[in-house]
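Please look over the chain shown here. The report that follows covers its loops, helix packing, sheet and domains.

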Amino acid sequence: MAITAQDVNRLRQETGAGMMDCKKALTEANGDFEAAKDILRKQGQKIASKRADNTTSEGIVLTQVSADGSTGKVVAIACETEPVSKVEDFRNLAQAVLDAAVSTNAGSKEELLATPQADGRSLQDHITDLMGKIGEKIDVVSYETVNAEKVVAYNHSNGKLGVLVGLNNTNGTDVTEVGKDIAMQIAAMKPIALDKDGVDAATVEREIEIGKDQARQEGKPEAMLEKIAMGKLNKFYKESTLLNQEFVKDSSLTIAQLLEKTSKGLTVTDFKRVAIGA
């Protein structure tokens, strides 16, 4: 049967696929719209499979904090190239991912991707469809939640980095501003844990061995290696754990001291730093 321009345009409006892809799908389906939609979806699945190993170093990171300030969500949706990250359809999809995270409070990335959308199909199905439309790999590369008495979010200007900070909001003090300062600290300084107790044993052991090896190469006696390595480990804690880091805006204070100065007993209870391409 003849495929008209009106038919192609209708399928394009319903699926968002390109004109030529819609025409090809309708021709293959002999004008059957539902069959043509299935063809376009299979095209997305083929592209998803073909590009599964491709690197996704571009994209967008979005954050949202609940109205009561107690729950924060951060999602990172990645693609292969910068131009795609700026396309309206991609950004709409990213917002749909965040909206689903907020509305369902999904417990995992897998649960999030299974969330039904308005048409009854899953979020993953919509991601696959868009992959077929744009011809690039798209992936939700990170999904994190922070629950606390007070959650503060920060989004870096490049759109590819987001931070959530959870604080225990003591004494009724407004800790929003200090929360933002700490979120920017996390964005810049990339702490690996809250304090030394949060550093995993494998990392501690590796730092000790590196410290010993450095001291050995400097010609230090074997009997002193352990002590020197422990000194280097303490330096590592100071540089790499949030509460022990020097505050970037005032190096005379550690983050722990800044918090205590703001409000007695105030501390960070959790944080998440999510970045694409870094």
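## Two loop residues

N105 is partly exposed, at a relative accessible area of 48%. Partly exposed is the range between buried (under 20% relative accessible area) and exposed (over 50%), with a 1.4 Å probe and protein chains only. N105 sits in the loop between α5 and α6 (109-113). Its phi is positive, about 50 degrees, although N105 is not a glycine. Helices here are DSSP runs of H or I with at least four residues, strands are runs of E with at least two, and both are numbered from the N terminus.

K190 is found in the loop between α8 and α9 (201-217). K190 is not a glycine, yet has a positive phi of about 50 degrees. Its relative accessible area is 47%, so K190 is partly exposed.

## Basis of the model

This is a predicted model, in which local features need pLDDT of at least 70 and side-chain atom pairs count only at pLDDT 80 or more, while totals for chains, interfaces and linings use all residues. Residues are numbered from 1 along each chain as its sequence is written, and side-chain values use heavy atoms, with hydrogens and water left out.

## Helix packing

Two packed helices are described by the angle between their axes and the distance between the axes. Axes are lines fitted to C-alpha atoms, for helices over the stretch in contact, and angles run from 0 to 180 degrees between N-to-C directions.

Helix α5 (residues 88-104) packs with helix α7 (residues 123-134) at about 170 degrees, and their axes lie 11 Å apart. That makes α5 roughly antiparallel to α7, a label for angles over 145 degrees. On the α5 side, D89, F90, L93, A96, V97 and A100 take part; they meet L123, H126, I127, L130 and K133 of α7. Contact means heavy atoms within 4.5 Å. By class, this contact has eight nonpolar, one polar and two charged residues. Ala, Val, Leu, Ile, Met, Phe, Trp, Tyr, Cys and Pro count as nonpolar, Asp, Glu, Lys and Arg as charged, and the others, Gly among them, as polar.

The axes of α8 and helix α11 (residues 255-262) cross at roughly 175 degrees and come within 11 Å. α8 and α11 are therefore roughly antiparallel to each other. V178, I182 and Q185 of α8 make the contact with I255, L258, L259 and T262 of α11. The classes are five nonpolar, two polar and no charged residues.

## The open sheet

Three strands form an open sheet in the order β4-β5-β8, paired antiparallel. β4 (150-155) and β8 (268-275) are the edges; each has a single partner strand, so one side of each lacks a neighbour in the sheet. The twist averages 10 degrees from one strand to the next. β4 pairs with strand β5 (residues 161-167) over six bridges, in the antiparallel sense. Pairing requires at least two DSSP bridges between two strands. A153 has L164 in β5 as its bridge partner. Helix α8 (residues 176-189) packs on this sheet and touches β4, β5 and β8; its direction makes about 135 degrees with that of β5.

## Around I60

Is I60 buried or exposed? I60 counts as buried, at 7% relative accessibility. I60 belongs to strand β1 (residues 58-65). Leaving out residues up to four places away in sequence, I60 touches V75, A76, I77, F90, R91, A94, G159 and I276.

## Domains

The domain assignment gives domain 1 (5-51) and domain 2 (58-194 + 266-275). Such bounds come from an automatic or database domain assignment. The centres of domain 1 and domain 2, taken over C-alpha atoms, are 31 Å apart.

Methods
Angles under 35 degrees count as roughly parallel, over 145 as roughly antiparallel, 65 to 115 as roughly perpendicular and the rest as oblique.
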